[in-house]
Amino acid sequence: MRHLQRLFLLPLLLAPLCALAAPGVDAITTTTNADGGQTYTLSIQVLLFMTALSLLPAALLLMTSFTRIVIVLAILRQALGTQNTPSNQILVGLALFLTAFVMMPVFQECYQVGVKPYLEERLELNQALENAALPVRDFMLAQTRESDLELFARIGRFEQMQSKSEVPFSMLLPAFATSELKTGFQIGFLIFIPFLIIDLVVASVLMSMG
């Protein structure tokens, strides 16, 4: 279970590491062979950065408030009746910035308890990942319905847990994603209702006027 948690938390830890890496480390090193040829080698820094980039979309969708925000914005666009205005690119970009704003306290805490000690060589990578996981885990637990946790506990046949701290990440992740979907559609529905009422009132007035 912890391996799955570390896999999704790697982007949160590796991205700052790559950005704050020492400027003296070259991305590509060149080695001259005995026959005069040259061999090009990518540094481990670039490999870690590419790994973080490949995992970042999944972590963004499944471990943040991005899903809820983008659903609400999409339903709001439908309620306004503007079809494809604003475009999907604008909606996704706005959702990304709003997600960054909402998640910034969590990311800052992850940096303080996980990334910074690792950069200062006070923690090993495994311990840094464990520390960085705690703020994200607390955020996900706070936004997840207990009914969704119970649902996936029954589906996965997990043993009964005494507290939320015992919830495994393999159960928390789908429960959080499902809860975010529900919350997003509920908020969107509440936003949609006033526009629907206005449409009905306008239609009734126009019909009464003949």
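A crossing of two helices is called left-handed if the near helix is turned anticlockwise from the far one by less than a right angle, and right-handed if it is turned clockwise. The model is a predicted one, in which local features need pLDDT of at least 70 and side-chain atom pairs count only at pLDDT 80 or more, while totals for chains, interfaces and linings use all residues. Residues are numbered from 1 along each chain as its sequence is written, and side-chain values use heavy atoms, with hydrogens and water left out.

**Overall layout**

- The protein chain holds seven helices and two strands, where helices (H or I, at least four residues) and strands (E, at least two) are DSSP runs numbered from the N terminus.
- Read from the N terminus, the order of the elements is α-β-β-α-α-α-α-α-α.
- Of the 210 residues in the protein chain, 31% count as buried, a term that means under 20% relative accessible area, with exposed meaning over 50% and partly exposed in between (1.4 Å probe, protein chains only).
- Among contacts in the protein chain with a separation of 6 or more, 69% join residues 24 or more positions apart, contact being defined as heavy atoms within 4.5 Å.

**Packing of helix H3**

- The axes of helix H3 (residues 66-80) and helix H4 (residues 88-119) come within 9 Å and cross at roughly 140°; axes are lines fitted to C-alpha atoms, for helices over the stretch in contact, and angles run from 0 to 180 degrees between N-to-C directions.
- That angle makes H3 oblique to H4, since angles under 35 degrees count as roughly parallel, over 145 as roughly antiparallel, 65 to 115 as roughly perpendicular and the rest as oblique.
- The crossing of H3 and H4 is right-handed, and the residues that make the contact include Phe-66, Ile-69 and Leu-73 of H3 and Leu-91, Ala-95 and Val-102 of H4.
- H3 also packs against H7, at an angle of about 20° and with the axes 8 Å apart, and the two helices are therefore roughly parallel to each other.
- H3 passes H7 in a right-handed crossing, through a contact whose residues include Ile-71, Val-72 and Ile-75 of H3 and Gly-184, Gly-188 and Phe-192 of H7.

**Nonpolar cores**

- In the largest nonpolar core, which has 20 residues, Met-63, Met-140 and Leu-149 touch the most other members; such a core is a set of buried Ala, Val, Leu, Ile, Met, Phe, Trp, Tyr and Cys residues joined through side-chain atoms within 4.5 Å.
- Helix H2 (44-63), H4, helix H5 (125-142), helix H6 (146-156) and helix H7 (169-208) each supply at least two residues of this core, and H7 gives the most, with six residues.
- Apart from this core lies another, of five residues, among them Phe-66, Ile-69, Leu-73 and Ala-95.

**Individual residues**

- Val-113, placed in helix H4, counts as partly exposed at 31% relative accessibility, and, not counting residues up to four places away in sequence, Val-113 touches Leu-123, Asn-131, Ala-132 and Pro-135.
- Most residues other than glycine have a negative phi, and most peptide bonds are trans.
- The peptide bond from Thr-85 to Pro-86 is cis, with omega near 0°, and Pro-86 sits in the loop between H3 and H4.
- Arg-157, in the loop between H6 and H7, has a positive phi near 55° and counts as exposed at 76% relative accessibility.
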